[in-house]
Amino acid sequence: MTPIMVTTMVVCFALTISVAVSIGLASVVGIQASNANMLISVKEMFNAINKFPLAAIPFFILAGNLMETGGISRRLVDFAKSLVGGVQGGLPMTCVLTCMIFAAVSGSSVATTFAIGAILIPALIKHGYPTSYAAALQATSAELGVIIPPSIPMILYGVSAEVSIGELFIAGFGPGILISLVLMAFVYVYCKVKGLGKNDGDGRLGVGVATWRAGWALLMPVIILGGIYGGIFTPTEASAVAVLYALVVGMLIYREIKLPQLYAVLRKSVISSSVIMFIIANAGLFAFLITRAGVPEAIGHWLQAVLQSPAMFLLGVNAALFVIGMFIETSAAIIVLAPILAPVAMHFGIDPVHFGLVMVVNLALGMITPPFGVNLFAACTVARISLDRIVTHLVPFVLVILACLMVITYVPGISLGLRDLVYAK
């Protein structure tokens with residue numbers, strides 16, 4: 001059954017059939033080949049999405065879209081620019097810092113790309129940065145949307161590998177801050193060398209004024225993350241709170257969301273949520289079938305035999321995930337691979353929370369690597385350029401993230417230090 005499923009899936013990928021349909025079709029073919037009851041497909045697809053933590057996904061997507069429409073994104077950009085925009089290369093640094101703040105409430109890299117890119121990509125181009133550079137920078141910075149908590153891939157990993165989502169969230173701060181700082185240092189040096197961004201401080205607000213104007217926007221991540229770690233509400237409930245807060249601020253305080261606009265925001269959010277849920281349902285069926293066939297156990301034994309040490313295991317997994325992330329959507333990859341790899345990682349003595357961060361950061365790279373990088377498509381859409389034009393400026397950013405990934409992989413304290421302080425055992 002398994003060879004037939006894998007072959008079907010690979011053929012579908014080669015025919016450029018969507019990931020969700022490819023996985024679902026491969027699963028159906030596998031069921032037929034094993035003469036099992038087709039009702040299994042309906043049951044397991046329903047079971048895959050019938051999990052309370054997954055309710056956070058549509059809420060976080062809706063919150064991100066409300067922030068974009070309600071003026072919260074623009075005020076966060078002005079605030080970030082007031083902090084770092086006064087130096088040469090300050091505008092690219094503003095992009096990274098804004099994505100970092102926005103990530104603390106959105107949970108989605110694509111939402112971050114559209115919400116922040118719609119403001120900053122035109123601003124970068126206006127200040128003399130190449131269009132391809134602006135798009136590559138935005139796509140890379142938006143990756144923080146799934147690394148800084150709350151994060152939809154972290155929720156999926158927690159559900160799939162049966163790991164505390166709260167611990168994953170708190171562990172995400174270290175890697176997220178590391179990547180943000182390294183990216184800001186890189187763009188600063190790049191602009192110095194290339195002579196770009198000498199007028200980035202034009203139009204910058206004072207820190208006090210920008211902070212005052214962005215006060216309600218900056219309070220949002222404080223409420224969401226403070227509520228989660230203060231025990232007031234769960235990560236899933238926090239997503240609903242984020243929607244309510246974004247709606248109230250956008251409609252009643254900033255007054256930039258009008259009633260007629262709500263339909264378009266809700267429609268966009270429903271479509272995005274449906275795409276992710278469809279992927280989860282099909283990937284859940286696929287994972288059930290390969291688990292039933294004993295594939296995870298076989299892979300686990302093979303990895304233990306071939307990769308004799310934790311360091312080699314992590315290196316091998318990183319190499320495999322980097323390639324997989326180029327071709328398979330992050331959500332689907334996590335749901336299929338987390339139940340397989342997490343037990344093996346635990347066998348090697350690797351903390352499942354640390355391993356979860358390694359998986360999320362690695363697969364997030366797939367969002368900025370061709371041919372199926374969703375952030376690249378989003379950034380190119382905003383910048384109105386073709387994908388091939390972005391590649392030259394993208395390569396250095398990918399290398400920077402890879403370097404950060406290696407540090408995160410082999411220095412567990414970056415992920416687990418804060419977790420161990422908050423969740424003292």
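Which residues make a nonpolar surface patch of about 690 Å²? The patch is made by W216, L219, V222, I223, L244, V248, L252 and I253. Patch members have over 30% relative accessible area and no salt bridge, and nonpolar side chains (Val, Leu, Ile, Met, Phe, Trp, Tyr) are joined within 5 Å. The areas come from the Shrake-Rupley method with a 1.4 Å probe.

Before we go on, a word about the model. It is predicted, so local features need pLDDT of at least 70 and side-chain atom pairs count only at pLDDT 80 or more, while totals for chains, interfaces and linings use all residues. Residues are numbered from 1 along each chain as its sequence is written, and side-chain values use heavy atoms, leaving out hydrogens and water.

**The patch and its helices**

Helix 13 (215–229) and helix 14 (235–253) each supply at least two residues of the nonpolar patch. Helices here are DSSP runs (H or I, at least four residues), numbered from the N terminus. V248 lies in helix 14, and at 34% relative accessibility it counts as partly exposed. That label sits between buried (under 20% relative accessible area) and exposed (over 50%), using a 1.4 Å probe and protein chains only.

**Inside the structure**

The largest nonpolar core has 145 residues. Such a core is a set of buried Ala, Val, Leu, Ile, Met, Phe, Trp, Tyr and Cys residues joined through side-chain atoms within 4.5 Å. Helix 18 (residues 330–347) gives the most to this core, with twelve residues. I179 is among the residues with the most contacts inside the core. Leaving aside neighbours within four places in sequence, I179 is in contact (heavy atoms within 4.5 Å) with L144, I147, V361, I401, C404 and I408.

Helix 6 (residues 90–106) is another element to find: 16 of its 17 residues are buried, so this helix is largely enclosed by the rest of the structure. From first C-alpha to last, helix 6 reaches 24 Å, close to the 24 Å expected at 1.5 Å a residue. The expected span is 1.5 Å times one less than the number of residues.

N362 is found in helix 19 (residues 352–365) and is buried, with a relative accessible area of 0%. Not counting residues up to four places away in sequence, N362 touches N318, L321, F322 and L405. In the loop between helix 19 and helix 20 (374–383) you will find G373, which is buried at 2% relative accessibility. G373 and G325 are 48 residues apart in sequence, and their C-alpha atoms are 8.5 Å apart in space.

**Charged pairs**

How many salt bridges does a search of the whole structure find? The search finds six. A salt bridge is a side-chain nitrogen of Lys or Arg within 4 Å of a carboxyl oxygen of Asp or Glu. Here are some of them:

| Pair | N to O distance |
|---|---|
| E44 and K43 | 3.1 Å |
| E167 and R419 | 2.9 Å |
| R419 and D420 | 2.8 Å |

E167 lies in helix 10 (residues 165–171) and R419 in helix 22 (residues 413–422), so the pair ties together parts that are 252 residues apart in sequence. E167 is buried, with a relative accessible area of 14%, and R419 is buried at 4%. D420, by contrast, is partly exposed, with a relative accessible area of 40%. Salt bridges that share partners join E167, D351, R419 and D420 into one network.

Methods
Patches are made of residues with over 30% relative accessible area and no salt bridge: like charges are joined within 9 Å, nonpolar side chains (Val, Leu, Ile, Met, Phe, Trp, Tyr) within 5 Å.
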